[in-house]
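Dear colleague,

Please find the structure below. My notes on what was found in it follow.

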Amino acid sequence: MLLLGLKNGFVKFQASYGRPNGVALTDTLGISILIDGIQIYRSQGTDYRPPASRTPIELFVPKQSRIEVISLNTSNNNTQDRACTILGWYV
């Protein structure tokens, strides 16, 4: 969870994933981005081949917002490495 301060922000999210255990199209991981508890982005890709990284997501976020990034998981890839890099600027 990330809390924004007293200014609006521009935030970039970059999800990345390690080598999968299962390679079926239904075994891909993804992320969900929530702002103040409302889901505004959800992606669970269909590319299972490493390196499975996605295009960065760029959002303008209102001041005093709570940002959450949730990993979308599958049972076959429960132990797959995953990360999300978040970089933001006040505007």
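Contacts and salt bridges

Among contacts in the chain (heavy atoms within 4.5 Å) between residues at least 6 apart in sequence, 80% join residues at least 24 apart. This is a predicted model, in which local features need pLDDT of at least 70 and side-chain atom pairs count only at pLDDT 80 or more, while totals for chains, interfaces and linings use all residues. Residues are numbered from 1 along each chain as its sequence is written, and side-chain values use heavy atoms, with hydrogens and water left out.

Two salt bridges were counted, each defined as a side-chain nitrogen of Lys or Arg within 4 Å of a carboxyl oxygen of Asp or Glu.

- Lys12 and Glu58 form a salt bridge at 3.3 Å, N to O. Lys12 lies in strand β2 (residues 9-17) and Glu58 in strand β5 (residues 57-61), so the pair links distant parts of the chain, 46 residues apart. Relative accessible area is 29% for Lys12 and 45% for Glu58.
- Arg66 and Glu68 form a salt bridge at 3.2 Å, N to O. Relative accessibility is 31% for Arg66 and 23% for Glu68.

Lys12, Glu58, Arg66 and Glu68 count as partly exposed, because their values fall between the limits for buried (under 20% relative accessible area) and exposed (over 50%), with a 1.4 Å probe and protein chains only. Of the 91 residues of the chain, 35% count as buried.

Regards

How values were computed:
Helix = DSSP H or I, 4+ residues; strand = E, 2+ residues; numbered from the N terminus.
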